[in-house]
Structures are given as structure tokens and as C-alpha cells.
Amino acid sequence: MPRYDFRCRSCGATFELNRPMARANDPATCPEGHPDTVKLLSTVAVTGAAASAPAPAGGGGGCCGGGCCG
């Protein structure tokens, strides 16, 4: 489930909420109970084995990766 970051305009607190994408823009109440919050732009974190695997060796670039185009 995606995690969304919010900031409270009343007290300045930042907090995270896990919610379905369909509810991404629903209003959020800060942990202190203030209703005036704004959703922040978040960076995407990629985790797992594929994210840290080295790139395969070989290939040469160019348009097809075969080295024929320079």
C-alpha cells in the first residue's frame, strides 16, 4: 500500500499515512487533530534485490545495445 506524506498547516508537523491510491487525495488530519493539512510530493523508493543488482556486463550501447551503431 502506498505511503503519502502530509504537513499540517496549523502546527507544521509532518506525518505519513498508508492508504490505497484511490484515496491518495482524501483529506488527512494531523496527529495533533488539526484538519488543515497538505499532501507533500514524495520521492519513490525502490527496494528489493532487483534494485541493488548490478547491471549486466556486455553490450555496447547504440540504438540496439549490440555495439553495431557506435
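Q: In which strand is the place of arginine 7?
A: In this predicted model, arginine 7 belongs to strand 1. Strand 1 covers residues 3–8.

Q: Why is arginine 7 called partly exposed?
A: The relative accessibility of arginine 7 is 35%. Buried requires a value under 20% and exposed a value over 50%, with partly exposed in between. The value of 35% falls between these cut-offs, so arginine 7 counts as partly exposed.

Q: Which residues does arginine 7 touch, not counting residues up to four places away in sequence?
A: Arginine 7 touches Gly12, Ala13, Thr14, Asp36, Thr37, Val38 and Leu40. One of these, threonine 14, stands opposite arginine 7 in strand 2. As for aspartate 36, its C-alpha atom is separated by 8.7 Å from that of arginine 7, although the two residues are 29 apart along the chain.

Q: What makes asparagine 18 an exposed residue?
A: Asparagine 18 has a relative accessible area of 55%. Exposed means over 50%, and therefore asparagine 18 is called exposed.

Q: Where does asparagine 18 lie, and which residue stands opposite?
A: Asparagine 18 is part of strand 2, where arginine 3 stands opposite. Asparagine 18 also touches Met1, Pro2 and Arg3, not counting residues up to four places away in sequence. Methionine 1 is 17 residues apart from asparagine 18 along the chain, and their C-alpha atoms are separated by 6.2 Å.

Q: How do you know that strand 1 and strand 2 pair?
A: Pairing requires at least two bridges between the strands. Strand 1 and strand 2 have five bridges, so they count as a pair, in the antiparallel sense. Within this pairing, tyrosine 4 stands opposite leucine 17. The hairpin of the two strands has five residues between them, and there glycine 12 takes a positive phi near 85°.

Q: What makes strand 1 and strand 3 a pair?
A: Three bridges join these antiparallel strands, and the requirement is at least two, so strand 1 and strand 3 pair as well. Cysteine 8 stands opposite threonine 37 in strand 3.

Q: Why do strand 2 and strand 3 stand at the edges?
A: The three strands form an open antiparallel sheet in the order 2-1-3. Strand 2 (14–18) and strand 3 (37–39) each have a single partner strand, so one side of each is left without a neighbour in the sheet. From one strand to the next, the twist averages 35°.

Q: What pattern does the protein follow along the sequence?
A: The pattern is β-β-β-α, made up of one helix and three strands.

Q: Which residues form the largest nonpolar core, and what makes a set of residues a core?
A: The largest nonpolar core consists of seven residues: Tyr4, Phe6, Cys8, Phe15, Ala24, Ala28 and Cys30. Strand 1 gives the most to this core, with three residues. A set is called a nonpolar core because its buried nonpolar residues are joined through side-chain atoms within 4.5 Å. Alanine 24, one of the core residues, touches Tyr4, Phe6, Arg19 and Lys39, not counting residues up to four places away in sequence.

Q: Why is the aromatic pair of phenylalanine 6 and phenylalanine 15 called stacked?
A: A search of the whole structure finds one aromatic pair. Its members, phenylalanine 6 and phenylalanine 15, lie 5.6 Å apart centre to centre, with 15° between the planes.

Definitions and conventions: Residues numbered from 1 in each chain as written. Predicted model: local features only at pLDDT ≥ 70, side-chain atom pairs only at ≥ 80, totals over all residues. Heavy atoms only, no water. Phe/Tyr/Trp six-rings, centres within 6.5 Å; stacked < 30°, edge-to-face > 60°. Helix = DSSP H or I, 4+ residues; strand = E, 2+ residues; numbered from the N terminus. Axes fitted to C-alpha atoms, helices over the stretch in contact; angles between N-to-C directions. Buried < 20%, exposed > 50% of the residue type's maximum accessible area, 1.4 Å probe, protein only. Contact = heavy atoms within 4.5 Å.
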